[in-house]
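Visitor: Could you walk me through this structure, one feature at a time?

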Amino acid sequence: MKAPFGFVICISLLGSGLAIGGREAVGTAPGNDTRQAIPYADVQRVLDGKCTSCHTGADAARGLHLDSWQALIAGSDHGEAVIPFDAVRSLLVELTTKLVGGPHPAEVGGERLTEAEVALLSEWIDEGAPSETGGIPYADAQHLLYAANQSVAVVSVIDMETNQVIRTVDLQELGFPENASPHHIAVEPDGSHWYVSLITANQILKFDRDNNLVERNDFVRPGLLALDPDGENLYAGRSMAAVSPPQAIGVIRRSDMTLEEVGIFLPRPHALAVQPGTGTVYTASLAVNQIATFFPEDEAVELDELEGDRQHTMVGFAISPDGRWMIGTTELTGTVFVFDLDRAPLMTPVDTIAVNAAPWHPVFTPDGRWAYVGNNRDNTVNVIDMGTRTLTKVIDGIGLAQPHGAAVSPDGRFAYISSRNLEMSDDRSRAGHVYTPRYDLGGNTRAGTVVVIDTESQEIVKVIEIEEYGSGLGAAVPN
Ligand code: HEC
(Lines give C-alpha, C1' and ligand atoms only; values in the text may rest on other atoms or scores of the structure.)
Protein backbone atom coordinates (compact mmCIF):
# COMPACT_ATOMS: atom_id res chain seq x y z
CA MET A 1 0.00 0.00 0.00
CA LYS A 2 2.88 2.38 -0.62
CA ALA A 3 2.53 5.57 -2.59
CA PRO A 4 -0.38 5.06 -4.96
CA PHE A 5 -0.26 7.04 -8.15
CA GLY A 6 -2.18 9.96 -6.66
CA PHE A 7 0.60 10.70 -4.25
CA VAL A 8 3.16 10.90 -7.01
CA ILE A 9 0.99 13.45 -8.76
CA CYS A 10 0.64 15.36 -5.56
CA ILE A 11 4.37 15.70 -5.09
CA SER A 12 4.83 17.10 -8.53
CA LEU A 13 2.04 19.60 -7.94
CA LEU A 14 3.58 20.74 -4.69
CA GLY A 15 6.90 21.12 -6.44
CA SER A 16 5.46 23.31 -9.14
CA GLY A 17 4.51 25.98 -6.65
CA LEU A 18 0.79 25.99 -7.34
CA ALA A 19 -1.43 27.30 -4.58
CA ILE A 20 -2.82 24.14 -3.07
CA GLY A 21 -4.84 24.38 0.07
CA GLY A 22 -3.25 27.70 0.89
CA ARG A 23 0.28 26.68 0.10
CA GLU A 24 1.25 30.25 -0.62
CA ALA A 25 -0.41 31.52 2.52
CA VAL A 26 2.85 32.33 4.15
CA GLY A 27 2.49 36.06 4.46
CA THR A 28 4.96 36.85 1.74
CA ALA A 29 3.90 38.62 -1.40
CA PRO A 30 4.31 36.28 -4.35
CA GLY A 31 7.23 38.37 -5.50
CA ASN A 32 9.00 35.90 -7.74
CA ASP A 33 5.79 34.83 -9.34
CA THR A 34 5.87 35.53 -13.05
CA ARG A 35 2.07 35.45 -13.39
CA GLN A 36 0.41 38.83 -13.66
CA ALA A 37 -1.45 39.10 -10.35
CA ILE A 38 -4.78 40.89 -10.38
CA PRO A 39 -4.37 44.33 -8.81
CA TYR A 40 -6.82 44.86 -5.96
CA ALA A 41 -7.89 48.15 -7.56
CA ASP A 42 -9.56 46.11 -10.33
CA VAL A 43 -11.53 44.17 -7.74
CA GLN A 44 -12.59 47.31 -5.90
CA ARG A 45 -13.72 48.86 -9.17
CA VAL A 46 -16.20 45.98 -9.67
CA LEU A 47 -17.44 46.21 -6.10
CA ASP A 48 -17.84 50.00 -6.36
CA GLY A 49 -19.83 49.58 -9.57
CA LYS A 50 -22.28 46.90 -8.41
CA CYS A 51 -22.10 46.30 -4.69
CA THR A 52 -21.23 49.24 -2.47
CA SER A 53 -24.60 50.95 -3.03
CA CYS A 54 -25.99 48.47 -0.48
CA HIS A 55 -22.82 47.32 1.26
CA THR A 56 -21.47 50.46 2.90
CA GLY A 57 -22.23 52.75 5.82
CA ALA A 58 -24.14 52.15 9.02
CA ASP A 59 -26.80 49.98 7.41
CA ALA A 60 -24.64 47.92 5.09
CA ALA A 61 -26.59 44.75 4.19
CA ARG A 62 -25.76 41.96 6.68
CA GLY A 63 -23.07 44.18 8.15
CA LEU A 64 -20.94 43.45 5.09
CA HIS A 65 -18.93 46.46 3.88
CA LEU A 66 -17.47 46.16 0.43
CA ASP A 67 -15.77 49.54 0.18
CA SER A 68 -12.25 48.44 1.08
CA TRP A 69 -10.04 45.35 1.19
CA GLN A 70 -10.02 45.38 5.01
CA ALA A 71 -13.81 45.52 5.15
CA LEU A 72 -14.27 42.78 2.59
CA ILE A 73 -11.85 40.54 4.45
CA ALA A 74 -13.54 41.29 7.78
CA GLY A 75 -16.72 39.71 6.36
CA SER A 76 -20.32 40.13 7.50
CA ASP A 77 -22.05 39.83 10.86
CA HIS A 78 -22.29 36.10 10.13
CA GLY A 79 -18.95 35.17 8.70
CA GLU A 80 -16.43 35.42 5.90
CA ALA A 81 -17.31 36.63 2.43
CA VAL A 82 -14.16 35.20 0.88
CA ILE A 83 -11.93 32.26 1.72
CA PRO A 84 -8.45 33.08 0.38
CA PHE A 85 -7.30 30.59 -2.32
CA ASP A 86 -10.78 29.05 -2.59
CA ALA A 87 -13.13 31.03 -4.82
CA VAL A 88 -15.70 28.25 -5.39
CA ARG A 89 -16.33 27.90 -1.64
CA SER A 90 -16.36 31.66 -1.02
CA LEU A 91 -19.82 33.03 -0.18
CA LEU A 92 -19.24 36.09 -2.36
CA VAL A 93 -18.80 33.89 -5.43
CA GLU A 94 -21.46 31.35 -4.43
CA LEU A 95 -24.10 34.07 -3.97
CA THR A 96 -23.27 35.90 -7.16
CA THR A 97 -23.32 32.70 -9.24
CA LYS A 98 -25.52 30.08 -7.56
CA LEU A 99 -28.08 31.75 -5.30
CA VAL A 100 -31.48 30.25 -6.05
CA GLY A 101 -33.79 33.14 -6.99
CA GLY A 102 -30.74 35.26 -7.75
CA PRO A 103 -27.98 35.34 -8.57
CA HIS A 104 -27.21 38.01 -6.03
CA PRO A 105 -27.83 40.93 -6.12
CA ALA A 106 -30.53 40.47 -8.78
CA GLU A 107 -32.99 39.12 -6.18
CA VAL A 108 -32.74 42.37 -4.22
CA GLY A 109 -32.98 44.61 -7.27
CA GLY A 110 -29.27 45.03 -7.94
CA GLU A 111 -27.43 44.49 -11.20
CA ARG A 112 -25.83 41.08 -11.51
CA LEU A 113 -22.17 40.57 -12.22
CA THR A 114 -21.07 39.76 -15.76
CA GLU A 115 -19.19 36.53 -16.40
CA ALA A 116 -15.99 38.50 -16.83
CA GLU A 117 -16.49 40.20 -13.46
CA VAL A 118 -17.14 36.87 -11.71
CA ALA A 119 -14.00 35.49 -13.35
CA LEU A 120 -11.95 38.44 -12.18
CA LEU A 121 -13.16 38.18 -8.57
CA SER A 122 -12.67 34.40 -8.60
CA GLU A 123 -9.16 34.61 -9.95
CA TRP A 124 -8.24 37.21 -7.36
CA ILE A 125 -9.59 35.01 -4.54
CA ASP A 126 -7.75 31.96 -5.90
CA GLU A 127 -4.57 34.03 -5.82
CA GLY A 128 -5.17 34.45 -2.08
CA ALA A 129 -7.30 37.64 -2.09
CA PRO A 130 -4.23 39.87 -1.73
CA SER A 131 -4.39 43.53 -0.70
CA GLU A 132 -2.99 46.42 -2.74
CA THR A 133 0.41 45.64 -1.25
CA GLY A 134 0.20 41.88 -1.70
CA GLY A 135 -0.74 41.00 1.88
CA ILE A 136 -2.53 37.66 2.21
CA PRO A 137 -5.49 37.67 4.64
CA TYR A 138 -4.94 35.82 7.91
CA ALA A 139 -1.41 34.76 6.98
CA ASP A 140 -0.42 35.53 10.57
CA ALA A 141 -3.51 34.12 12.30
CA GLN A 142 -2.34 32.72 15.62
CA HIS A 143 -4.94 30.29 16.81
CA LEU A 144 -6.33 27.91 14.24
CA LEU A 145 -9.16 25.43 14.52
CA TYR A 146 -9.28 22.57 12.00
CA ALA A 147 -12.62 21.00 11.09
CA ALA A 148 -12.89 17.77 9.09
CA ASN A 149 -15.66 17.63 6.47
CA GLN A 150 -16.02 13.90 6.28
CA SER A 151 -18.09 13.43 3.15
CA VAL A 152 -16.22 15.82 0.85
CA ALA A 153 -12.51 15.30 1.63
CA VAL A 154 -12.05 18.87 2.80
CA VAL A 155 -10.61 20.35 5.99
CA SER A 156 -11.83 23.84 6.93
CA VAL A 157 -9.40 26.07 8.81
CA ILE A 158 -11.03 28.57 11.19
CA ASP A 159 -9.37 31.55 12.86
CA MET A 160 -10.36 31.46 16.54
CA GLU A 161 -10.00 35.25 16.94
CA THR A 162 -12.57 36.18 14.32
CA ASN A 163 -14.32 32.80 14.11
CA GLN A 164 -14.25 32.77 10.33
CA VAL A 165 -13.18 30.15 7.84
CA ILE A 166 -9.82 31.43 6.55
CA ARG A 167 -8.57 28.49 4.47
CA THR A 168 -9.80 25.20 3.08
CA VAL A 169 -7.59 22.19 2.40
CA ASP A 170 -9.05 20.16 -0.44
CA LEU A 171 -7.62 16.66 -0.21
CA GLN A 172 -8.79 15.83 -3.71
CA GLU A 173 -6.41 18.47 -5.05
CA LEU A 174 -3.69 16.51 -3.29
CA GLY A 175 -4.64 13.31 -5.08
CA PHE A 176 -6.87 11.70 -2.46
CA PRO A 177 -10.29 10.33 -3.41
CA GLU A 178 -13.54 12.16 -2.79
CA ASN A 179 -14.49 9.52 -0.22
CA ALA A 180 -11.16 9.78 1.67
CA SER A 181 -13.25 10.62 4.79
CA PRO A 182 -11.17 12.98 6.93
CA HIS A 183 -12.29 12.22 10.44
CA HIS A 184 -10.25 13.61 13.29
CA ILE A 185 -7.46 16.15 13.70
CA ALA A 186 -4.66 16.65 16.20
CA VAL A 187 -2.51 19.77 16.33
CA GLU A 188 1.00 20.29 17.71
CA PRO A 189 0.97 22.34 20.95
CA ASP A 190 2.92 25.12 19.15
CA GLY A 191 0.62 24.97 16.12
CA SER A 192 3.50 24.08 13.77
CA HIS A 193 1.89 20.95 12.32
CA TRP A 194 -1.42 19.16 12.23
CA TYR A 195 -2.48 15.57 11.58
CA VAL A 196 -5.66 14.18 10.07
CA SER A 197 -7.00 10.63 9.91
CA LEU A 198 -8.60 9.51 6.64
CA ILE A 199 -10.95 6.62 7.39
CA THR A 200 -11.58 5.33 3.90
CA ALA A 201 -8.22 6.24 2.39
CA ASN A 202 -6.57 4.35 5.31
CA GLN A 203 -4.03 7.10 5.91
CA ILE A 204 -2.80 9.49 8.53
CA LEU A 205 -1.44 12.73 7.08
CA LYS A 206 0.89 15.34 8.50
CA PHE A 207 0.61 18.96 7.34
CA ASP A 208 2.61 22.01 8.24
CA ARG A 209 1.06 25.25 9.38
CA ASP A 210 0.85 26.50 5.80
CA ASN A 211 -1.11 23.38 4.88
CA ASN A 212 1.64 21.70 2.89
CA LEU A 213 1.41 17.92 3.07
CA VAL A 214 4.75 16.89 4.55
CA GLU A 215 4.36 13.21 5.44
CA ARG A 216 1.84 10.42 5.63
CA ASN A 217 1.50 6.76 6.44
CA ASP A 218 -0.81 3.85 5.95
CA PHE A 219 -3.06 2.74 8.78
CA VAL A 220 -6.19 0.66 8.43
CA ARG A 221 -9.38 2.60 9.27
CA PRO A 222 -7.91 5.29 11.51
CA GLY A 223 -10.37 7.02 13.84
CA LEU A 224 -9.50 9.34 16.68
CA LEU A 225 -6.04 10.88 17.05
CA ALA A 226 -4.37 12.02 20.28
CA LEU A 227 -0.91 13.42 20.76
CA ASP A 228 1.34 13.44 23.79
CA PRO A 229 1.92 17.16 24.42
CA ASP A 230 5.15 16.47 26.34
CA GLY A 231 6.46 13.56 24.28
CA GLU A 232 7.12 12.63 20.69
CA ASN A 233 4.21 10.33 19.91
CA LEU A 234 0.90 10.64 18.12
CA TYR A 235 -1.63 7.86 18.74
CA ALA A 236 -4.38 6.62 16.43
CA GLY A 237 -7.45 4.55 17.25
CA ARG A 238 -9.87 2.91 14.84
CA SER A 239 -12.91 4.34 13.14
CA MET A 240 -16.43 3.35 14.17
CA ALA A 241 -16.95 2.42 10.54
CA ALA A 242 -14.55 -0.50 10.96
CA VAL A 243 -16.44 -3.58 12.10
CA SER A 244 -13.50 -5.69 13.15
CA PRO A 245 -10.32 -3.66 12.85
CA PRO A 246 -6.99 -4.93 14.19
CA GLN A 247 -6.95 -4.94 18.00
CA ALA A 248 -4.13 -2.46 17.97
CA ILE A 249 -3.56 1.27 18.12
CA GLY A 250 -1.07 3.18 16.02
CA VAL A 251 1.96 4.67 17.76
CA ILE A 252 3.52 7.25 15.49
CA ARG A 253 6.76 9.12 16.11
CA ARG A 254 5.80 12.60 14.99
CA SER A 255 9.26 13.75 13.90
CA ASP A 256 9.55 11.22 11.07
CA MET A 257 6.05 9.68 11.12
CA THR A 258 7.31 6.13 11.61
CA LEU A 259 4.41 4.01 12.73
CA GLU A 260 4.21 0.98 14.93
CA GLU A 261 1.05 -0.95 15.75
CA VAL A 262 0.73 -1.88 19.40
CA GLY A 263 -1.66 -4.66 20.38
CA ILE A 264 -4.03 -3.55 23.12
CA PHE A 265 -6.12 -6.75 23.28
CA LEU A 266 -9.56 -5.22 23.07
CA PRO A 267 -11.91 -5.14 20.10
CA ARG A 268 -12.74 -1.93 18.26
CA PRO A 269 -10.59 0.58 20.17
CA HIS A 270 -12.16 4.02 19.80
CA ALA A 271 -12.05 6.54 22.68
CA LEU A 272 -8.46 7.74 22.98
CA ALA A 273 -6.55 10.21 25.17
CA VAL A 274 -3.02 10.84 26.42
CA GLN A 275 -2.37 11.98 29.96
CA PRO A 276 -0.26 15.17 30.05
CA GLY A 277 2.88 14.74 32.10
CA THR A 278 3.03 10.95 32.17
CA GLY A 279 2.28 10.21 28.51
CA THR A 280 0.06 7.29 29.53
CA VAL A 281 -2.49 6.42 26.84
CA TYR A 282 -6.08 5.35 27.46
CA THR A 283 -8.35 3.72 24.92
CA ALA A 284 -11.72 2.00 25.21
CA SER A 285 -13.66 -0.49 23.15
CA LEU A 286 -16.87 0.15 21.26
CA ALA A 287 -17.81 -3.51 21.58
CA VAL A 288 -17.13 -4.46 25.21
CA ASN A 289 -16.98 -2.54 28.49
CA GLN A 290 -13.20 -2.45 28.65
CA ILE A 291 -10.51 0.17 28.90
CA ALA A 292 -6.89 -0.43 27.94
CA THR A 293 -4.06 1.58 29.49
CA PHE A 294 -0.83 1.74 27.49
CA PHE A 295 2.46 2.76 29.13
CA PRO A 296 4.78 3.87 26.31
CA GLU A 297 8.12 3.57 28.19
CA ASP A 298 7.87 -0.19 28.53
CA GLU A 299 5.05 -0.82 26.05
CA ALA A 300 3.01 -2.47 28.79
CA VAL A 301 -0.76 -2.74 28.43
CA GLU A 302 -3.31 -3.14 31.21
CA LEU A 303 -6.95 -4.05 30.73
CA ASP A 304 -9.77 -2.99 33.02
CA GLU A 305 -13.41 -4.02 33.05
CA LEU A 306 -15.90 -1.22 33.30
CA GLU A 307 -18.97 -1.67 35.47
CA GLY A 308 -22.48 -2.16 34.11
CA ASP A 309 -24.49 -4.97 32.56
CA ARG A 310 -25.39 -2.94 29.51
CA GLN A 311 -22.95 -2.20 26.78
CA HIS A 312 -21.79 1.41 27.07
CA THR A 313 -19.93 1.90 23.78
CA MET A 314 -17.38 4.47 24.86
CA VAL A 315 -17.06 7.11 22.15
CA GLY A 316 -14.60 9.67 23.45
CA PHE A 317 -12.13 10.44 26.21
CA ALA A 318 -10.78 13.79 27.40
CA ILE A 319 -8.25 14.38 30.17
CA SER A 320 -8.12 17.54 32.28
CA PRO A 321 -5.12 19.80 31.58
CA ASP A 322 -3.62 18.95 34.99
CA GLY A 323 -3.77 15.26 34.09
CA ARG A 324 -5.95 14.33 37.06
CA TRP A 325 -9.41 13.62 35.62
CA MET A 326 -10.49 11.68 32.60
CA ILE A 327 -14.04 11.77 31.29
CA GLY A 328 -15.51 9.17 28.97
CA THR A 329 -18.70 9.51 26.94
CA THR A 330 -20.94 6.56 26.13
CA GLU A 331 -23.13 6.24 23.07
CA LEU A 332 -25.58 3.59 24.24
CA THR A 333 -26.05 4.55 27.88
CA GLY A 334 -25.92 8.38 27.57
CA THR A 335 -23.37 8.76 30.30
CA VAL A 336 -20.28 10.75 31.12
CA PHE A 337 -17.97 8.73 33.35
CA VAL A 338 -15.44 10.56 35.48
CA PHE A 339 -12.22 8.69 36.28
CA ASP A 340 -9.64 9.78 38.82
CA LEU A 341 -6.35 8.99 37.11
CA ASP A 342 -4.46 9.28 40.39
CA ARG A 343 -6.13 6.00 41.20
CA ALA A 344 -5.07 4.38 37.94
CA PRO A 345 -4.78 1.59 37.03
CA LEU A 346 -8.00 1.01 38.97
CA MET A 347 -10.54 2.07 36.37
CA THR A 348 -13.57 2.52 38.57
CA PRO A 349 -15.41 5.75 37.77
CA VAL A 350 -15.66 8.15 40.70
CA ASP A 351 -18.78 9.63 39.15
CA THR A 352 -21.37 8.61 36.61
CA ILE A 353 -23.22 11.58 35.16
CA ALA A 354 -26.40 10.97 33.16
CA VAL A 355 -26.46 13.26 30.14
CA ASN A 356 -28.47 13.71 26.92
CA ALA A 357 -28.50 11.09 24.18
CA ALA A 358 -25.25 9.92 22.63
CA PRO A 359 -22.62 12.27 24.04
CA TRP A 360 -19.85 12.35 21.41
CA HIS A 361 -16.41 14.05 21.63
CA PRO A 362 -15.75 15.69 25.01
CA VAL A 363 -13.34 18.58 25.65
CA PHE A 364 -12.07 20.40 28.74
CA THR A 365 -11.65 24.17 29.04
CA PRO A 366 -7.97 25.13 29.55
CA ASP A 367 -8.55 25.82 33.27
CA GLY A 368 -10.08 22.36 33.71
CA ARG A 369 -13.19 23.85 35.24
CA TRP A 370 -15.71 22.82 32.58
CA ALA A 371 -16.19 20.07 30.07
CA TYR A 372 -18.28 20.43 26.92
CA VAL A 373 -19.77 17.62 24.86
CA GLY A 374 -22.22 17.62 21.94
CA ASN A 375 -24.95 15.00 22.02
CA ASN A 376 -25.10 13.29 18.68
CA ARG A 377 -28.70 12.11 18.94
CA ASP A 378 -30.14 14.99 20.89
CA ASN A 379 -28.85 18.07 19.07
CA THR A 380 -27.75 19.66 22.32
CA VAL A 381 -24.48 20.45 24.06
CA ASN A 382 -23.94 19.40 27.66
CA VAL A 383 -21.84 21.54 29.97
CA ILE A 384 -20.33 19.72 32.92
CA ASP A 385 -19.05 21.57 35.95
CA MET A 386 -15.95 19.65 36.97
CA GLY A 387 -15.98 21.31 40.41
CA THR A 388 -19.25 19.67 41.40
CA ARG A 389 -19.04 17.00 38.67
CA THR A 390 -22.61 17.67 37.61
CA LEU A 391 -24.39 18.49 34.37
CA THR A 392 -25.06 22.21 34.79
CA LYS A 393 -26.38 23.28 31.43
CA VAL A 394 -27.98 21.91 28.31
CA ILE A 395 -27.36 24.22 25.37
CA ASP A 396 -29.89 24.06 22.58
CA GLY A 397 -30.03 26.14 19.45
CA ILE A 398 -29.81 26.67 15.73
CA GLY A 399 -26.72 25.12 14.22
CA LEU A 400 -26.74 21.93 16.31
CA ALA A 401 -27.63 19.02 14.05
CA GLN A 402 -26.04 15.72 15.02
CA PRO A 403 -23.21 17.27 17.05
CA HIS A 404 -19.90 15.50 16.66
CA GLY A 405 -16.51 17.17 17.32
CA ALA A 406 -15.43 19.45 20.16
CA ALA A 407 -12.59 21.91 20.77
CA VAL A 408 -11.81 25.03 22.81
CA SER A 409 -9.80 28.15 22.03
CA PRO A 410 -6.46 28.34 23.88
CA ASP A 411 -7.64 31.34 25.94
CA GLY A 412 -10.76 29.40 26.94
CA ARG A 413 -13.12 32.08 25.59
CA PHE A 414 -14.86 29.84 23.10
CA ALA A 415 -15.94 26.23 22.91
CA TYR A 416 -16.63 24.78 19.47
CA ILE A 417 -18.95 21.94 18.54
CA SER A 418 -19.19 20.66 14.97
CA SER A 419 -22.34 19.14 13.49
CA ARG A 420 -22.84 16.62 10.73
CA ASN A 421 -26.28 17.82 9.54
CA LEU A 422 -26.74 14.66 7.51
CA GLU A 423 -30.43 13.90 8.03
CA MET A 424 -32.10 12.99 4.75
CA SER A 425 -34.69 15.39 3.41
CA ASP A 426 -37.77 13.46 4.55
CA ASP A 427 -36.31 13.09 8.03
CA ARG A 428 -35.50 16.75 8.18
CA SER A 429 -38.80 18.03 9.52
CA ARG A 430 -39.12 15.13 11.93
CA ALA A 431 -35.66 15.60 13.29
CA GLY A 432 -36.49 19.18 14.22
CA HIS A 433 -32.90 20.22 14.50
CA VAL A 434 -31.58 20.00 11.02
CA TYR A 435 -29.64 23.08 10.10
CA THR A 436 -30.88 25.00 7.08
CA PRO A 437 -28.05 27.08 5.58
CA ARG A 438 -28.59 30.82 5.43
CA TYR A 439 -28.67 30.85 1.62
CA ASP A 440 -30.16 28.34 -0.79
CA LEU A 441 -27.36 27.69 -3.25
CA GLY A 442 -29.06 24.62 -4.70
CA GLY A 443 -27.63 21.42 -3.24
CA ASN A 444 -26.17 22.89 -0.03
CA THR A 445 -28.96 21.86 2.36
CA ARG A 446 -26.65 19.51 4.21
CA ALA A 447 -23.85 21.93 4.99
CA GLY A 448 -22.15 21.05 8.25
CA THR A 449 -21.60 23.61 10.98
CA VAL A 450 -19.33 24.61 13.79
CA VAL A 451 -21.19 26.46 16.54
CA VAL A 452 -19.23 28.90 18.66
CA ILE A 453 -20.16 28.89 22.34
CA ASP A 454 -19.13 31.78 24.57
CA THR A 455 -17.84 30.00 27.69
CA GLU A 456 -18.77 33.03 29.84
CA SER A 457 -22.49 33.08 28.97
CA GLN A 458 -22.54 29.43 27.84
CA GLU A 459 -24.64 30.45 24.86
CA ILE A 460 -24.15 29.89 21.13
CA VAL A 461 -22.85 33.18 19.73
CA LYS A 462 -22.20 32.17 16.13
CA VAL A 463 -22.87 29.42 13.61
CA ILE A 464 -20.03 28.88 11.15
CA GLU A 465 -21.11 27.06 8.00
CA ILE A 466 -18.54 24.59 6.72
CA GLU A 467 -18.75 21.85 4.07
CA GLU A 468 -20.58 18.50 4.29
CA TYR A 469 -20.49 16.29 7.38
CA GLY A 470 -18.68 18.26 10.03
CA SER A 471 -16.85 15.66 12.12
CA GLY A 472 -13.66 15.87 14.18
CA LEU A 473 -12.23 19.19 15.34
CA GLY A 474 -8.62 19.89 16.26
CA ALA A 475 -6.96 22.87 17.93
CA ALA A 476 -3.59 23.30 19.58
CA VAL A 477 -3.64 22.91 23.34
CA PRO A 478 -0.60 24.97 24.38
CA ASN A 479 1.48 23.39 27.13
C1 HEC B 1 -29.59 46.23 -3.87
C2 HEC B 1 -28.79 46.01 -2.69
C3 HEC B 1 -27.61 45.09 -2.83
C4 HEC B 1 -26.63 45.10 -3.77
C5 HEC B 1 -26.48 46.01 -4.96
C6 HEC B 1 -25.70 44.05 -3.38
N7 HEC B 1 -26.12 43.44 -2.25
FE8 HEC B 1 -25.17 41.92 -1.30
N9 HEC B 1 -26.69 41.81 0.00
C10 HEC B 1 -27.81 42.61 -0.01
C11 HEC B 1 -28.75 42.11 0.95
C12 HEC B 1 -30.10 42.70 1.27
C13 HEC B 1 -28.14 40.98 1.53
C14 HEC B 1 -28.77 40.06 2.55
C15 HEC B 1 -29.18 38.77 1.90
C16 HEC B 1 -30.42 38.85 1.07
O17 HEC B 1 -31.40 39.41 1.51
O18 HEC B 1 -30.40 38.24 -0.04
C19 HEC B 1 -26.84 40.82 0.92
C20 HEC B 1 -25.94 39.83 1.24
C21 HEC B 1 -24.71 39.69 0.68
C22 HEC B 1 -23.73 38.73 1.07
C23 HEC B 1 -23.86 37.72 2.19
C24 HEC B 1 -23.47 38.28 3.51
C25 HEC B 1 -23.76 37.31 4.62
O26 HEC B 1 -22.81 36.86 5.26
O27 HEC B 1 -24.94 36.99 4.83
C28 HEC B 1 -22.66 38.86 0.25
C29 HEC B 1 -21.38 38.06 0.27
C30 HEC B 1 -22.99 39.92 -0.66
N31 HEC B 1 -24.23 40.41 -0.38
C32 HEC B 1 -22.17 40.31 -1.68
C33 HEC B 1 -22.54 41.25 -2.61
C34 HEC B 1 -21.75 41.55 -3.78
C35 HEC B 1 -20.42 40.91 -4.13
C36 HEC B 1 -22.44 42.51 -4.48
C37 HEC B 1 -22.07 43.11 -5.79
C38 HEC B 1 -21.94 42.19 -6.87
C39 HEC B 1 -23.64 42.79 -3.73
N40 HEC B 1 -23.67 42.01 -2.61
C41 HEC B 1 -24.59 43.73 -4.12
C42 HEC B 1 -28.04 43.71 -0.79
C43 HEC B 1 -27.29 44.04 -1.89
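**Cavities and a helix**

Guide: The second largest cavity has a volume of about 50 Å³. Bear in mind that this is a predicted model.

Visitor: Which residues line the second largest cavity?

Guide: The lining consists of His 143, Met 160, Glu 161, Ser 409, Pro 410, Asp 411, Arg 413 and Phe 414. By class, three are nonpolar, two polar and three charged.

Visitor: How many cavities of 30 Å³ or more does a search of the whole structure find?

Guide: Three. The largest cavity holds about 90 Å³ of space. Its lining has 11 residues, and the closest to its centre are Tyr 138, Leu 144, Arg 167, Arg 209 and Asn 211. Seven of the lining residues are nonpolar, one is polar and three are charged.

Visitor: Now a helix. What span should the 12 residues of helix H5 have at 1.5 Å a residue?

Guide: The expected span is 1.5 Å times one less than the number of residues. For H5, residues 115-126, that gives 16 Å; the end C-alpha atoms are 16 Å apart, so the two agree.

Visitor: Which residues of H5 are buried?

Guide: Buried means under 20% relative accessible area. In H5 these are Glu 117, Val 118, Leu 121, Ser 122, Trp 124 and Ile 125. They cover an arc of only 160° around the axis, so they sit on the same side of H5.

Visitor: What do the buried residues of H5 pack against?

Guide: Three helices: H2 (40-50), H3 (69-74) and H4 (91-98). The face turned away from the buried side carries exposed Glu 115 and Ala 116.

Visitor: Which residue just after H5 takes a positive phi?

Guide: Gly 128, with a phi of about 110°.

Definitions and conventions: Residues numbered from 1 in each chain as written. Predicted model: local features only at pLDDT ≥ 70, side-chain atom pairs only at ≥ 80, totals over all residues. Heavy atoms only, no water. 1 Å grid on protein atoms, 1.4 Å probe; cavity = no way out; pocket = protein on both sides within 12 Å on 5 of 7 lines; lining within 4 Å. Points joined across faces, edges and corners; volume = space filled by probe spheres on them. Nonpolar A, V, L, I, M, F, W, Y, C, P; charged D, E, K, R; others polar. Helix = DSSP H or I, 4+ residues; strand = E, 2+ residues; numbered from the N terminus. Buried < 20%, exposed > 50% of the residue type's maximum accessible area, 1.4 Å probe, protein only. Arc of directions from axis to C-beta. Contact = heavy atoms within 4.5 Å.
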